[in-house]
Amino acid sequence: MNIMIIDAKTKGLGLIGHPVEHSFSPAIHNAISKSLGLNYVYTAHDVHPEQVEQAILGLDALGYKGTNVTVPHKTAVIDALTELTEEAKLIGAVNTILFDKGKRIGYNTDCYGFAKMLDDEGVTLSGKKVLILGTGGASRAVVAACVMHNTDTIYICSREAEKSECYLETFDKSSDTVKNWHATAYNELDEIAKNVDFDIVINCTPLGMHPNTGVTPVNIELFKKKCVLVDLIYNPAVTEFLLLGEKRGMKTVNGLGMLIHQALEAYRIWTGETQSAQFVRNALENQGVI
């Protein structure tokens, strides 16, 4: 068994977000480093929104190899970066940063992780009618995955229809892979659900995560039982949104698979090495995390 020894040669990997206490990322990345015998330590940092740029510059100055970015900073970090990959530009959000000889390069592995998670669960986006709840950085990766996998219809929902419309305007809607784009608000869903038979509903909001456990962003009764409910939250494993769906006999998917696959891709970007998704699941189980 490999033993991790922290010394003067140890390189830092990390996570910034607000909050971060719920994150499984340290358990994942430290287990990968230990299994591969690589001298990296991954730590989570709770960074307030007004301190995002200072945090990125600070991690770079401290010699970190890279950092993940979680809510609510996935778009705010862009101003602190020197360049973006094409996928990050398309999505307009960053969840992984590589520090490389003075360059701060922004990547997005969420789109990849989301698509891999659904593939693992036997859920396809092609030709489907999809409702996306939330207009943050995480939902941008979901929209990108829908476009790349030939989704038929996308509804974007936020508190105000105008906000949803402004959000949609940031995407290139000329793509013929998505035939129908719609912006809506939560108070309009009752009426919309009477006329639209949604195949997949995806929660991209923090509702259901600490400290907002026990709440759901929408009324599950609006959707037919054949509809698949997906929650990007993975801690708790079963949010109120998913719990209510399970009680109705609906297929539900939490965000753990997305977390694992995006993490493996991020680790590859930082180190050139990787592990298997099954190894990560086993590591989380062995540590009592899941």
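At what angle do helix H4 and helix H5 pack, and how far apart are their axes? I looked this up to start: H4 (residues 110-120) and H5 (residues 137-148) pack at about 60°, with axes 8 Å apart.

I am working on a predicted model, where local features need pLDDT of at least 70 and side-chain atom pairs count only at pLDDT 80 or more, while totals for chains, interfaces and linings use all residues. Residues are numbered from 1 along each chain as its sequence is written, and side-chain values use heavy atoms, with hydrogens and water left out.

**Entry: H4 on H5**

I checked how elements are named: helices (H or I, at least four residues) and strands (E, at least two) are DSSP runs, numbered from the N terminus. Axes are lines fitted to C-alpha atoms, for helices over the stretch in contact, and angles run from 0 to 180 degrees between N-to-C directions. H4 and H5 are therefore oblique to each other; under 35 degrees counts as roughly parallel, over 145 as roughly antiparallel, 65 to 115 as roughly perpendicular and the rest as oblique. H4 passes H5 in a right-handed crossing, meaning that the near helix is turned clockwise from the far one by less than a right angle.

Next I listed the contacts (heavy atoms within 4.5 Å). From H4, Asp-110, Cys-111 and Phe-114 meet Ala-141, Val-142, Ala-144, Ala-145 and Met-148 of H5. By class I get 7 nonpolar, no polar and 1 charged residues for this contact. The classes are Ala, Val, Leu, Ile, Met, Phe, Trp, Tyr, Cys and Pro as nonpolar, Asp, Glu, Lys and Arg as charged, and the others, Gly among them, as polar.

**Entry: H4 on H9**

I then turned to H9 (256-271). The axes of H4 and H9 come within 7 Å and cross at roughly 130°. That makes H4 oblique to H9, and this crossing is right-handed. On the H4 side I find Asp-110, Tyr-112, Gly-113, Phe-114, Lys-116, Met-117 and Asp-120, meeting Gly-257, Met-258, His-261, Gln-262 and Glu-265 in H9. The contact of H4 with H9 splits into 4 nonpolar, 4 polar and 4 charged residues.

**Entry: pockets**

The search runs on a 1 Å grid over the protein atoms alone: a cavity is a set of points where a 1.4 Å probe fits but cannot get out, a pocket is an open set with protein on both sides within 12 Å along at least five of seven lines, and lining residues have an atom within 4 Å of a point.

The largest pocket holds about 440 Å³. I count 21 lining residues, with Gly-134, Thr-135, Gly-136, Thr-205 and Pro-206 nearest its centre. H5 and strand E8 (153-158) each supply at least two of the lining residues. The lining has 9 nonpolar, 9 polar and 3 charged residues.

The second largest pocket comes to about 160 Å³. H5 turns up again, giving the largest share of that lining, 3 residues. Among the lining residues are Leu-90, Val-143, Ala-144, Val-147 and Trp-181.

**Entry: cavity**

How many cavities of 30 Å³ or more are there? I get 1, with a volume of about 400 Å³ for the largest cavity. Of its 23 lining residues, Thr-70, Val-71, Lys-74, Leu-232 and Tyr-234 are closest to the centre. H9 gives the largest share of the lining, 3 residues. By class I note 12 nonpolar, 9 polar and 2 charged.

How values were computed:
Grid points are joined across faces, edges and corners, and a volume is the space filled by probe spheres set on the points.
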